[in-house]
Amino acid sequence: MTHEVQPNGYKPFVIDVEEAKLEKTHEEVVEAARKSFKSGKTKPLKFRLEQLKGLEKFLTECENELVKALDQDLGKHRQEVLMTEIDLLKHELRQTAMELSKWLKPEAPPKSWVNFLDGVLVYSDPYGVVLVIGAWNYPLLLLLGPFIGAIAGGNCVILKPSELAPASAKTIATYLPRYLDRDSYQVVCGGVQETTHLLKIQFDYIFFTGSTSVGKIVHQAASKFLTPVTLELGGKSPVFVDDTVDIVTTARRILWGKCLNAGQTCIAPDYLLCSKNVEERFIEAAKTILDEFYGEGVKVSPYWSKIVSERHYKRLMGMVSDGEVAIGGFGDPMERTITPTILINVKPDDLVMREEIFGPILPIINVNSALEAINFITEGDKPLALYVFTKRKDVKDLFLNGTSSGNVTINDTIMHIMTENLPFGGVGASGMGNYHGKYGFDTFTHKKGVLVRGLGALTEKPQFIRYPPYSDFKTTLSSIVTAKRRSIPGWWFKWILVFGLGVAFAYGVQWVRNG
């Protein structure tokens, strides 16, 4: 592999397994980033905005290369790449660029009476050198989404694309450094060995997207250095449907969410909870809708993605062969495609219910009520997403108040991740921490509390109660002064200041007249 120096002076900076001896070591990469951060270059607003603009330019100018790479890795259609990855990233980049100056301003939380004359502020400090580990199923969105928040936060970043999407990783590593500051943002490619090595190095923050099992390894490695982490994991995201819904619209939205990227989506509906009657209506609607989506030959449809690897394909086909198929169930090992599949008469201990599916298989579990569905969900790990289809407010409230999940969408699937200003993240086994928009900025910045006090006599005199010699009087007075009361609204300070100035002015005028 050779690297050309680009016109803007940036040279692609990549660690590759086969070229490890020719490139810088991981330690050198991290040290270069740390040196850049210590120089302070990533902190000015202007620099951050330039880098965000560069990232957007990369997505625009390299769109064709990125689309080709995702087609090669996952067989994704161009519209799906744009809709679920590139356009989402561009929207977030623009929102971040528009709002960043406001986010950077110190926050002024409400004051107590004790701090009436003080400055009480919260600053957003960058952590330093951040490691972002992406996932293969959305190679752009799940790597560059967190990257946006890290740039906005003023950090230096090491990006680690997934080796399971090699074409995407190579495209990112080749083109992205041409648009960004090379010292501050660097790409490291490789597999498990390289990731393991990176995790032995101290970072200031780690952001990982992937499986729960690997997330535990990342969390354990980070604990050695007490490094804060965000873990975006997965799990079995349930969908509940009652008998009040329009079954055709409901089936269309569920199947779109399930079939997107051939089911290889961390927030895809994993299994369906409904009554036997709703199940029968759903299956009839599904047959028509799948024909609308993909025609009769799903395997050759240009809109249908492939399974990422042979191992993953065999795992999914094992689930199909273990269940009772109502729709689909066919696979092509040469093309690594599996038709959309619905399983019925599924039991909780069936193979398909033992782990996250991550494929185009939808098992149906029969329940007789919303409460029974909630009991089933709460017996397992907390899901990354929960979907509820109903027209009844009491049913919506039952799920919102009776379950815990990363996010909830009512009467649709997937779309919460595309909704501006909503945090995205898991809880429990489905992850920790969140991001997107302002939440991404907050994730990658430390909230530093700042108290500013004056040194004049006016501020010092009330402090006598905290200084020795101590006494019962000072103790009592201290308890009274520091007792918790409602915070003072900001407008009170302005009103009191204006009132005080008015009183002082009136006394001044009276003094002059009586002079």
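**Entry 1: salt bridges**

I counted the salt bridges and recorded 22 in the structure. I note here that the model is a predicted one.

I then looked up single pairs. D183 is bridged to K41, with 3.9 Å between the closest N and O atoms. This pair ties together distant parts of the chain, 142 residues apart: D183 sits in the loop between α6 and β5, and K41 in the loop between α1 (26-38) and α2.

Next I took R94 and E56, whose side chains form a salt bridge at 2.7 Å, N to O. R94 belongs to helix α4 and E56 to helix α2, and the two are 38 residues apart. R94 has a relative accessibility of 38%, so I put it down as partly exposed.

The next pair was D118 and R453, with 3.0 Å between the closest N and O atoms. I found D118 in the loop between α4 and β2 (119-126) and R453 in the loop between β20 (445-452) and α15 (457-460), 335 residues apart. Is D118 buried or exposed? I recorded D118 as buried, because its relative accessibility is 5% and the limit for buried is under 20%. R453 is partly exposed at 37%.

I also noted a network in which salt bridges with shared partners join E107, K438, D442 and K447.

**Entry 2: helix α2**

I checked the length of helix α2, residues 45-61. Its 17 residues should span 24 Å at 1.5 Å a residue, and the end C-alpha atoms are 24 Å apart, so the two values agree.

I listed the buried residues of α2, among them F47, L52, L55, F58 and L59. E56, the salt-bridge partner of R94, is also on the buried list. The buried residues of α2 pack against several elements, including α3 (63-74), α4 (78-104), α5 (141-152) and β5 (185-188).

**Entry 3: M418**

I located M418 in the loop between β16 (407-410) and β17 (424-425). Its relative accessible area is 22%, so I recorded M418 as partly exposed. Which residues does M418 contact, leaving aside neighbours within four places in sequence? I found M83, T84, L88 and W256. I also noted that M418 and H91 are 327 residues apart in sequence, yet their C-alpha atoms are 9.4 Å apart in space.

**Entry 4: a nonpolar patch**

I recorded a nonpolar surface patch of about 220 Å², made by V114, I480 and V481. I480 is part of helix α16, residues 472-482.

Note on methods: Residues are numbered from 1 along each chain as its sequence is written. This is a predicted model: local features need pLDDT of at least 70, side-chain atom pairs count only at pLDDT 80 or more; totals for chains, interfaces and linings use all residues. Side-chain values use heavy atoms; hydrogens and water are left out. Patches are made of residues with over 30% relative accessible area and no salt bridge: like charges are joined within 9 Å, nonpolar side chains (Val, Leu, Ile, Met, Phe, Trp, Tyr) within 5 Å. Accessible areas come from the Shrake-Rupley method with a 1.4 Å probe; for residues, only the protein chains shown count as cover. A salt bridge is a side-chain nitrogen of Lys or Arg within 4 Å of a carboxyl oxygen of Asp or Glu. Helices (H or I, at least four residues) and strands (E, at least two) are DSSP runs, numbered from the N terminus. Buried means under 20% relative accessible area, exposed over 50%, partly exposed in between (1.4 Å probe, protein chains only). Contact means heavy atoms within 4.5 Å. The expected span of a helix is 1.5 Å times one less than its number of residues.
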